[in-house]
Amino acid sequence: MVPATSPDGAPQDGGASYAGAGVDIEAGDRAVDLMKKWVGKATRPEVVGGLGGFAGLFDASALARYQRPLLASATDGVGTKVDIARRMGVYDTIGHDLVGMVVDDLVVCGAEPLFMTDYVCVGKVYPERVAAIVKGIAEGCVLAGCALVGGETAEHPGLLGPDDFDVAGAGTGVVEADRLLGAERIREGDVVLAMASSGLHSNGYSLVRHVLFERGGLALDQQVAEFGRTLGEELLEPTKIYSLDCLALTRTTEVHAFSHITGGGLANNLARVVPDHLHADVDRSTWTPDPVFDLVGRTGSVERLELEKTLNMGVGMIAVVPGDSVDAALTTLADRGVDAWVAGRIVARGDRAEAVTLTGDYAG
C-alpha cells in the first residue's frame with residue numbers, strides 16, 4: 001500500500017523521504033537551470049543537442065578528415081585547493097583549475113581537446129554555488145577550445161558537510177597517429193622550453209595548507225606585500241590553461257614532446273617523456289619562481305628538493321623542440337602572451353641513473 005502524502009509530496013504518516021534524508025531534488029533542478037547559460041557558451045560545432053539529456057553527444061563524423069585518428073582520454077580533479085575556495089566563498093575559479101588539469105594532460109601527446117564532462121559532489125545543493133562552479137568549468141572549456149557536453153551534480157548528505165564539495169572531470173581529445181608526440185621523438189640536442197605557470201596551479205595544496213595555516217598560522221585575508229593582494233587571492237589564482245598555446249606550437253614549428261608540470265614537480269613529470277638513453281639537463285638559473293613558492297619554503301622550512309618534487313616552482317608546461325625550432329617556438333608563444341624561455345637541453349644519458357637533472361640556483 002502506498003503511504004498517503006501531503007500536497008507537497010511528503011509522507012503524512014511521518015515516513016522517510018528523500019528530502020528527509022537530505023537530498024533536495026528541487027534545489028538540484030534550480031542549479032541546472034542556473035548553469036544552462038554557462039554550459040551553452042562552452043560548445044563546438046560538433047556538439048549535438050543541449051543540456052538535459054542522459055548523455056552528451058558529439059558528432060564523430062568530424063574525425064573523418066583524419067587518416068588514423070587516435071582518441072586521447074584524461075581525468076582529474078583539483079585536490080585540496082577546493083578547501084581554499086570553500087573557505088574564501090569563491091566558487092567561479094576552481095573550474096578553470098579542473099579544465100587545466102584535464103586538457104593539458106591531453107595536449108601533451110599532441111591531442112586537440114574535443115569535449116569534457118564534469119562531476120560536482122556537494123554535501124548540500126546550494127543552486128547558486130553549484131552554478132558558479134559550473135560557470136568556471138564552462139569558462140575554462142572556452143579557454144581550452146573544447147566543449148562541455150554534460151556532467152553530474154551529486155548531493156551526499158551525511159558523507160560531506162553542508163559546505164563541503166569536490167569536483168572532477170574527464171576529457172576526450174584526438175590526434176593524428178603520425179603526429180603523436182612523446183619520448184620516441186626526442187633526440188639528443190633538442191632544447192627544453194619552459195612556459196611560466198600562473199602560480200601553484202592545483203598541486204601540492206596539502207603541503208601548502210599544512211605549512212601556511214597549521215605551521216605558519218597565516219590567514220586567508222592577510223595582505224602579503226610580495227603578492228600585492230591577500231594570501232587567499234594568491235592561493236586561488238586559477239591554473240593556466242596551455243592547450244591552445246601548445247596546439248599553436250605544433251602548427252607553426254616542429255615539436256617533439258610536451259610535459260605538463262603537475263604533482264611530482266618538473267623533474268618527475270619531464271622524466272615521463274625522456275627516453276631511456278637520453279637526459280634532460282635543466283638550468284634553474286634561467287627563471288625566478290614566483291614569491292608564493294618562497295613563502296611556502298620559508299614558512300615551513302621546506303627543503304628545496306621537497307618543494308621541487310611537490311610544486312611546479314614557476315613552470316607549468318615544458319615543450320621539447322629541435323634546436324632549429326627554438327626561435328619560431330618562442331615567437332609563437334610570445335605572440336600568444338605566454339612567458340617562455342630556454343631552460344635546458346637534451347643530452348646523452350651516459351652513466352646517469354636519472355632522466356632529469358636540475359642544476360644551478362634560481363635567479364633572483
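Predicted model: local features only at pLDDT ≥ 70, side-chain atom pairs only at ≥ 80, totals over all residues.
At what angle do the axes of helix 7 and helix 11 cross? Helix 7 covers residues 243-252 and helix 11 covers residues 326-335. Their axes come within 10 Å and cross at roughly 140°. Angles over 145 degrees would count as roughly antiparallel, and helix 7 and helix 11 are therefore described as oblique to each other. The crossing of helix 7 with helix 11 is right-handed.

Now zoom in on the side of helix 7 that touches its partner. Asp-245, Ala-248, Leu-249 and Thr-252 in helix 7 are in contact with Ala-329, Thr-332 and Leu-333 in helix 11. Sorted by class, the residues of this contact are four nonpolar, two polar and one charged.

What classes of residue make up the lining of the second largest pocket? There are six nonpolar, three polar and seven charged residues.

Next, turn to a second pair of helices. Helix 5 (residues 205-215) packs against helix 9 (residues 291-300) at an angle of about 55°, and their axes are 9 Å apart. That angle makes helix 5 oblique to helix 9. Is the crossing of helix 5 and helix 9 left-handed or right-handed? Here the crossing is left-handed. On the helix 5 side you can pick out Val-208, Val-211, Leu-212 and Arg-215, which meet Leu-295, Val-296, Thr-299 and Gly-300 in helix 9. This contact has five nonpolar, two polar and one charged residues.

How many cavities of 30 Å³ or more does the structure hold? It holds one, and the space inside the largest cavity is about 30 Å³. To find this cavity, look for the residues that line it: Leu-266, Trp-287, Glu-308, Leu-311, Asn-312, Met-313, Leu-358 and Tyr-362. By class, this lining has six nonpolar, one polar and one charged residues.

Notes: Residues numbered from 1 in each chain as written. Heavy atoms only, no water. Axes fitted to C-alpha atoms, helices over the stretch in contact; angles between N-to-C directions. Helix = DSSP H or I, 4+ residues; strand = E, 2+ residues; numbered from the N terminus. Parallel < 35°, antiparallel > 145°, perpendicular 65-115°, else oblique. Left-handed = near helix turned anticlockwise from the far one by under 90°. Contact = heavy atoms within 4.5 Å. Nonpolar A, V, L, I, M, F, W, Y, C, P; charged D, E, K, R; others polar. 1 Å grid on protein atoms, 1.4 Å probe; cavity = no way out; pocket = protein on both sides within 12 Å on 5 of 7 lines; lining within 4 Å. Points joined across faces, edges and corners; volume = space filled by probe spheres on them.
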